[in-house]
Amino acid sequence: MKRLILTSMALVTALTATVASAHHSFAVFFDDKQEVTLRGTVTMFRFTNPHGTLAFDVTGPDGEVQHWRAETNAPSVLQRRGWTRSSVRPGQVITIKGWRARDGSRYIRMGEVRDAEGKLVGGRFGTGDD
């Protein structure tokens, strides 16, 4: 019986640690001193927990297409700011402003998104999980 209790406790501890490590701090991955503004075409928008993902293609000055990703807030936060699953769609041209990944990859934390006409989509975001 004692062995069963100890094994159960170890399993619960291991599962709790795995779930807790799935969420991360803004400062671990993104640099609030490296704000970028990019114009591109949406290729995918996932409205999922714990953070949504927006993928988009940017054509560089040399004509090369660069594939970028932006991390968003959780869907509940997005909804409070007026976002829905269809706020952005594949093929839509957007201008996105956000904070660059510390590792230099083509990955940003979304700050704001504007449509092709310059209209703000939803609301602005801060650097944390606001």
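**Chat about the strands and core of a predicted model**

Me: Leaving aside neighbours within four places in sequence, what is isoleucine 96 in contact with?

Reply: Isoleucine 96 is in contact with Val36, Thr37, Leu38, Leu54, Phe56, Ala70, Ile108, Met110, Glu112 and Val113. Contact here means heavy atoms within 4.5 Å. This is a predicted model, in which local features need pLDDT of at least 70 and side-chain atom pairs count only at pLDDT 80 or more, while totals for chains, interfaces and linings use all residues. Residues are numbered from 1 along each chain as its sequence is written, and side-chain values use heavy atoms, with hydrogens and water left out.

Me: Which residues touch the most other members of the largest nonpolar core?

Reply: Leu54, Phe56, Trp83, Val88, Ile96, Met110 and Val113, in a core of 19 residues. Such a core is a set of buried Ala, Val, Leu, Ile, Met, Phe, Trp, Tyr and Cys residues joined through side-chain atoms within 4.5 Å. Buried means under 20% relative accessible area, exposed over 50%, and partly exposed in between (1.4 Å probe, protein chains only).

Me: Which elements give two or more residues to this core?

Reply: Strands E1 (30-46), E2 (53-59), E3 (65-71), E4 (93-101) and E5 (107-115). E1 gives the largest share, four residues. Helices (H or I, at least four residues) and strands (E, at least two) are DSSP runs, numbered from the N terminus.

Me: How many helices and strands are in the chain?

Reply: Three helices and six strands, in the order α-α-β-β-β-α-β-β-β from the N terminus.

Me: How many bridges join E4 to E5?

Reply: Seven, and the two strands run antiparallel. DSSP must find at least two bridges for strands to pair. E4 and E5 form a hairpin with five residues between them, and glycine 104 in the turn has a positive phi of about 80°. Tryptophan 99 stands opposite arginine 109 in E5.

Me: Switching topic, how many salt bridges does a search of the whole structure find?

Reply: Two, counting a side-chain nitrogen of Lys or Arg within 4 Å of a carboxyl oxygen of Asp or Glu. Arginine 109 pairs with glutamate 71, with the closest N and O atoms 2.8 Å apart. That pair links strand E5 to strand E3, 38 residues apart, and both residues are buried. Arginine 114 and glutamate 112 also meet in a salt bridge, at 3.0 Å from N to O.

Me: Why does glutamate 112 count as buried?

Reply: Because its relative accessibility is 8%. Arginine 114 is partly exposed, with a relative accessible area of 24%.
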